[in-house]
Amino acid sequence: MASGRLFAVVGASGSGKDTLLAGLARARPDILRARRTISRPPSLATEDFESVSEPVFASLRAGGAFALDWSAHGLGYGLRHEEFAPLAEGCTVIFNGSRKALPEALTRFPDLRVIEVIVSPEVLAARLAARGRESHDEITRRLQRAAQALPAGIPAVSVRNDGTPEQGVARLIDALQPVSS
């Protein structure tokens, strides 16, 4: 049975993960993006995700529906088992993850490769302000969290995303290339 490659894309809120993943989907439709289940209302402004209420999310979690789940910013995020099924067919799967969920993700998926999207504090602050979703204090807290390193011992490839979306997508595609021996 073939074994595909699995990638987690992590980074601060506002670092451009969804933009990069959307660009990747257009440039490389052979790379499958795992669809998340999130306990928030649907939105056209972000990724395609399964929107569920908090009680439904809790029920799915308790019932073992997720191969991986975590909480962040008051929301529940989960990836259903079937999102990883293409790995058994040799496909490459990528998902938008959470830095704090990486230790558990690596326990469940030992071959997981981590890609960390990084941006300068100035660019990140401008992007967060432009979204208009957070107060000044919330932006300050997000900038402080963004400066935190990945959990100890977790190797990652960094993708700088301070430039245009096209530059960021090209860097993400480069980061997906197999490591040379």
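Predicted model: local features only at pLDDT ≥ 70, side-chain atom pairs only at ≥ 80, totals over all residues.
**Entry 1. Conventions**

I number residues from 1 along each chain as its sequence is written, and side-chain values use heavy atoms, with hydrogens and water left out.

**Entry 2. The cavity**

I searched the whole structure and found one cavity of 30 Å³ or more. On a 1 Å grid over the protein atoms alone, a cavity is a set of points where a 1.4 Å probe fits but cannot get out, and lining residues have an atom within 4 Å of a point. Grid points are joined across faces, edges and corners, and a volume is the space filled by probe spheres set on the points.

The volume of the largest cavity is about 30 Å³. I listed its lining as Ala8, Leu68, Trp70, Phe95, Gly97, Ser98, Ala101, Leu102 and Ala105. Strand E5 (66-72) and helix H3 (102-108) each give at least two residues to that lining; helices (H or I, at least four residues) and strands (E, at least two) are DSSP runs, numbered from the N terminus. I sorted the lining into seven nonpolar, two polar and no charged residues. For this sorting, Ala, Val, Leu, Ile, Met, Phe, Trp, Tyr, Cys and Pro count as nonpolar, Asp, Glu, Lys and Arg as charged, and the others, Gly among them, as polar.

I then looked up Ser98, one of the lining residues. Serine 98 sits in the loop between strand E7 (92-96) and H3. Its relative accessible area is 12%, so serine 98 is buried (buried is under 20%, exposed over 50%, partly exposed in between, with a 1.4 Å probe and protein chains only). Beyond its neighbours within four places in sequence, serine 98 is in contact with Val10 and Trp70, where contact means heavy atoms within 4.5 Å.

**Entry 3. The largest pocket**

I next turned to pockets, a pocket being an open set of points with protein on both sides within 12 Å along at least five of seven lines. The largest pocket holds about 1,100 Å³ of space. Of its 40 lining residues, Ala12, Ser13, Gly14, Lys17 and His73 are the closest to its centre. Strand E1 (6-11), helix H1 (17-27), E5, strand E6 (75-80), H4 and H5 are the elements that supply two or more residues to the lining. By class I recorded twelve nonpolar, 16 polar and twelve charged residues in this lining.

**Entry 4. The second largest pocket**

The second largest pocket contains about 200 Å³ of space. Among the 14 residues that line it, the closest to its centre are Ala12, Val119, Leu124, Ala146 and Ala147. Strand E8 (113-118), H4 and H5 each contribute two or more residues, and E8 has the largest share, with three. I divided the lining into nine nonpolar, three polar and two charged residues.

**Entry 5. Helices H4 and H5**

I examined how helix H4 (residues 121-131) packs with helix H5 (residues 136-146): the angle is about 145 degrees and the axes are 10 Å apart. Axes are lines fitted to C-alpha atoms, for helices over the stretch in contact, and angles run from 0 to 180 degrees between N-to-C directions. H4 contributes Pro121, Leu124, Ala125, Leu128, Ala129 and Arg131 to the contact, and H5 contributes Ile139, Arg142, Leu143 and Ala146. I counted eight nonpolar, no polar and two charged residues there.

Ala146 belongs to this contact. At 23% relative accessibility, alanine 146 is partly exposed. Apart from neighbours within four places in sequence, alanine 146 is in contact with Ala12, Arg99 and Leu124.

Valine 9 lies in strand E1. I found valine 9 buried because its relative accessible area is 1%. Neighbours within four places in sequence aside, its contacts include Lys17, Leu21, Phe95 and Leu172. The C-alpha atoms of valine 9 and leucine 68 are 14 Å apart, at a separation of 59 residues along the chain.

Serine 39 is in the loop between strand E3 (36-38) and strand E4 (50-51). Its relative accessibility is 8%, so serine 39 counts as buried. Leaving out residues up to four places away in sequence, serine 39 touches Val52, Ser53, Glu54, Phe57, Leu75 and Gly76.
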